[in-house]
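Trainee: Could we walk through this structure together, one question at a time?

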Amino acid sequence: MAEAAAKPAGAEILSVSDLQAWYGESHILHGINFNVKAGEVVTLLGRNGAGKTTTLKSVMGIIGKRTGSIRFNGQDITRASSDRIARLGIAFCPEERGIFASLDVRENLLLPPIVRSGGLSLDQIFELFPNLKERLNSQGTKLSGGEQQMLAIARILRTGARFLMLDEPTEGLAPVIIQQIGHTIARLKSEGFTILLVEQNFRFASTVADRYYIVEHGKVIDGFANSELSANMDKLHTYLGV
Amino acid sequence: MQALYAQLLVGLINGSFYALLSLGLAVIFGMLNIINFAHGALYMMGAFCAYFLLHLTGIGYWWALIIAPIVVGIFGMILERTMLQWLAGLDHLYGLLLTFGIALIVQGVFQNYFGSSGLPYAIPDYPEVGGFRGLQGGMNLGFMFLPIYRGWVVVFSLVVCLATWFLIEKTRLGANLRAATENPTLVRAFGINVPRMITLTYGLGVGLAALAGVLSAPINQVRPLMGADLIIVVFAVVVIGGMGSIMGSIITGFALGVIEGLTKYFYPEASNTVVFVLMVLVLLVKPTGLTGRAA
């Protein structure tokens, strides 16, 4: 663990500074600052309603009003449309999973277009998630919660995007499935994917993350590396109220 | 018996138009969340487009079947880009009022120049195959006399409806469309240009209406109010079938045409109201329509 954290970090891929965002009239983000370097798994921790999901959605360009600066690979994407952001190589796996009921599993899997070469092939995806192969012709929403989560992750691995944003991928899942998702994230990291994770479950996060940011009331209030986790445990309990 | 078959055929013809129009309405409603009251006016524009092509440029029926849906479809896409897109996310009422207004304006303009009487549009008399001159004439099926053009309308409409169903339910493009109907925000976040897809979908729905207009021209003549009369029944068909389903609107369209035809034979007095009576019954029992998903 300590070794992994000491590894020299790659170039900054995503840098967010003074990000503010609104849902209609309500001001949700009040100045979010963080960055993600190539090959890292970075986790946003925080209580319900702290603004973690809104941060991901703002990066993805699906929050109507946003100010500040979001740069991806040096490019300013603060005002870009979400389809353009996706084509730059950011892939998003939403909290509610977003499996389409009117599409079967195969169609769900093939829905996100390839944005660049180097994505996983269908065979590689079935190797990661053997369940999906057997359920290809089922209606997307007929899958179990765990299978739906796997499908939601699998379909963005095909696209060639190397920067993944996963919003609470373990929420409401059985321990054995959580473990499988943990293995998948570790495997993706070892293959060079960069991952921005939102989690409430920091025990799970601690098995995969390199660094953490704490989000509270729409602001990043703290951040530390995984190697400093045990030193920060008391603070963390206070922040998360667990 | 002859009269029964004849009414059945009329029913199938009307059913073809109902199916083509309600199919377009269902596709547009799914994607744009707009109840497209301009549909009847666009159907009329399809017929007029064929009429202009023939009388101004000499381009005949077969090319009109292709050109008119494209021309009217482009007109529809301009409407969507300039006006309808701004209504996204608003209450249905706004879309309904805007498209109703568009329908009144379009029909008013055509009435201003062409009055209310019908302009004739001949059944095509080419190509000559065997003893047949194009789609003119008819054939004796033994139990009834079938005008070729009417048989053609039914078969061709059915083929177009099924092709549209196949496009939407069985292809990659259709999967994008179905997904965007469910959750446009997420589909866009995957890198698909959803606004462009919405424009093309409106164009497709409008194109189907224009195609129905061309098909109808030789049967019902070309009149500025031809769509206004038809669209009321088509909306009843849509309510009965439910907005959610592609196959549902096709089947309901043909079925109600046939039911109307049968009513004309068995109880002619009710033939103009039977669709509306059915609509009331369906609304009482199943408010989302026969095949509709809950909104």
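Mentor: Gladly! Let's begin with a pairing: strand E3 (residues 41–45) of chain A and E8(A) run parallel over 5 bridges. Strands here are DSSP runs of E with at least two residues, helices are runs of H or I with at least four, and both are numbered from the N terminus; two strands pair if DSSP finds at least two bridges between them. This is a predicted model, where local features need pLDDT of at least 70 and side-chain atom pairs count only at pLDDT 80 or more, while totals for chains, interfaces and linings use all residues. Residues are numbered from 1 along each chain as its sequence is written, and chains are lettered from A and ligands numbered from 1 in the order in which they are written.

Trainee: Which residue of E8(A) stands opposite A:Val41?

Mentor: A:Val41 has its counterpart in E8(A). That residue is A:Ile195.

Trainee: Which residue in E8(A) is the bridge partner of A:Asp167?

Mentor: Strand E7 (residues 163–167) of chain A also pairs with E8(A) in the parallel sense, over 5 bridges. The bridge partner of A:Asp167 is A:Val198.

Trainee: How many residues of strand E8 of chain A are buried?

Mentor: Buried means that 20 or more other C-beta atoms, placed from the backbone, lie within 10 Å of the residue's own. A:Thr194, A:Leu196 and A:Val198 are buried on one side, and A:Ile195, A:Leu197 and A:Glu199 on the other. E8 (residues 194–199) is largely enclosed by the rest of the structure, because the buried count is 6 of the 6 residues.

Technical notes:
Buried ≥ 20, exposed ≤ 12 C-beta atoms within 10 Å, placed from the backbone.
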